[in-house]
Each structure stands twice: as C-alpha cells, then as structure tokens.
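Reader: I have a structure open and want to learn to read it. Can we go feature by feature?

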Amino acid sequence: MSDHCSVIQNRVIDVKDAAHYADRVNKLREYHTSVWGGGLSTLGLALYQMDHDLDAYFASARRLNKILWREFGPLYKQVFSFLENTLGNRVMFLDGSAFPGFHIIETGNDGTFWGGMPHFDLSYQSLCSPTFSELSPTDQYSFTLALQSPAGAVRTDIWNLEYDSALEKYGQDFDRMSASSDTPPRPYLYHPGEMIVFRSDYMHRIGEFSSDTPDLCRVTLQGHALKCPRGWAVYW
Ligand SMILES: O=C(O)CCC(=O)C(=O)O
C-alpha cells in the first residue's frame, strides 16, 4: 500500500515472531538506555541521540552491534529481504554504523504517552565516515516495524510536509511545533509484524497512545536506508 509522501505499509513477520522478538527486547533490559527520559528507552543507540559525539556513536555501535546481531540476526535478514523487495536494490549495513535498534516506550502515570516531537530524520548529515562520502544523501527512507503494541496502538503521524518545502514556507529556523499545527498529520496505525517505510524528509512523529497495562511497552524496530551506488545502506 503506498500513498502521499511515499508511505508503504506491509507485513514483514508474523504475529508470533513479533511477540518473540518483543520478548527478547524486554529481557535485554540491562542494555536499555534512556537518553532523554520521558518514557522512551532504546536498545541500541541511534545517531540522532549521539550526533554531537560521533566517536561515542561509533564506539557504541561496535559494542552493541555484536549483541544485536546475536539476538536478532534472523530478524535483520527478514527486514533486509523486505526492504530489498520494497526499495528495489541490494540492502546492506552502513559500515561501522549502528544496526537498526529498538524504541521501547512506556506510558506515564496518567496511562498515556503524549507522542513524540514532530521532526525530519536528517541525522545522516552529521555522518562523516569515509563510507558517507560515496553516498547520495538525497534519497533516504526511514522504517518502523511494530513488535508490541499496547491496546493495538502503534501509530506514526506523518505530515504531508517535506523538509525543503518547509524551509521555503517557514524559513531557515522554523519552529516544527507551529508548522505541525498548521495542518493535521495523517495517522498510520499498524500492528505487530507490520512495517511502515517512508521518506525520511517528511515531518513525522511517534503517535500518542494510552494503555491501562503500564507494564506493556510499545516496542518497535527502527532504522534508515540511505541510497548509495552499491544499493541501500542501513543504519540507525
Ligand atoms: O516509531 C515511530 O512511530 C516513528 C519513530 C520516529 O519518528 C523516528 O525514529 O524518527
């Protein structure tokens, strides 16, 4: 299924496998990190959390990629095969960068997670490894695979607003919050085992959700695919 801002939504793994991997993520709690608090933890460390310190990002990738590969190797293979069919070229890890990792989100005391900040996934611009110099940074997709969905509520909100158009419309230092209130986003609801793939330069955010089972987190696999001459290079 594909529509405005090139969103593709499809099943990648079955519900049973999604539950199995969510369970693995939950059990690897000793490796969870909460950089910003607010109910959001990660397994793996994303570039957007570390783009001020690339040495630390690459060091963390070296340490955590081994664990992620050991625990989720077969999942990465299924995701890569899906992306190859969807994006139409070879998919590989971006050398030295963090493997796709997991967002683990719990609700606050009021039983609600009020949603993430509207943003564009442009963190690749700070990547300056030798590999990056051969990439074409104009083409990048982001993907989210739902693994555990409290109250059936994994939702991503995507605005029909591309970064370059936003710059033209609102100016260089535009406020994403006020841009986001100009037009409503389109909510994409998806279920464990399903993935959405969308252009990284469209404004989006983690959708809000409520749950009356606070122990049941929203668990998703996250990553980005950058177009390069040899195919699509995947990182987080
Ligand atoms: O999990 C989602 O719904 C979207 C995640 C997101 O916005 C991101 O990782 O940049």
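Reader: Of the eight residues of H4, what number is buried?

Author: Some ground rules first. This is a predicted model, where local features need pLDDT of at least 70, side-chain atom pairs count only at pLDDT 80 or more, and totals for chains, interfaces and linings use all residues. Residues are numbered from 1 along each chain as its sequence is written. Helices (H or I, at least four residues) and strands (E, at least two) are DSSP runs, numbered from the N terminus. A residue is buried if 20 or more other C-beta atoms lie within 10 Å of its own, exposed if 12 or fewer, and partly exposed in between, with C-beta atoms placed from the backbone. For H4 the number buried is zero, so this helix lies largely in the open. Glycine 171 follows H4, and its phi is positive, near 95 degrees.

Reader: How does aspartate 51 count, with 15 C-beta neighbours inside 10 Å?

Author: Partly exposed, because of those 15 neighbours. Aspartate 51 sits in the loop between helix H2 (47–50) and H3. Contact means C-beta atoms, placed from the backbone, within 7 Å. Leaving out residues up to four places away in sequence, aspartate 51 touches Ser123 and Ser126.

Reader: Which residues touch the most other members of the largest nonpolar core?

Author: The general idea comes first. In soluble globular proteins, nonpolar side chains tend to be buried together. A nonpolar core is a set of buried Ala, Val, Leu, Ile, Met, Phe, Trp, Tyr and Cys residues joined through C-beta atoms within 7 Å. Here the largest core has 57 residues, and Val25, Leu47, Ala98, Leu145 and Leu147 touch the most other members. Helix H3 (residues 54–87) gives the most to this core, nine residues.

Reader: What is the strand order in the open sheet of three strands?

Author: Strands pair if DSSP finds at least two bridges between them. The order is E9-E8-E11, with antiparallel pairing. Strand E9 (186–190) and E11 are at the edges with a single partner strand each, so one side of each has no neighbour in the sheet. E8 (residues 154–162) and E9 pair over five bridges. One of the residues in this pairing is aspartate 157, whose bridge partner in E9 is proline 187.

Reader: Which element gives the largest share of the shell around the ligand?

Author: A residue is near a molecule if its C-beta atom, placed from the backbone, lies within 6 Å of it. E11 gives the largest share, three residues. The residues around the ligand include His103, Asp121, His204 and Arg205.

Key. Contact = placed C-beta atoms within 7 Å.
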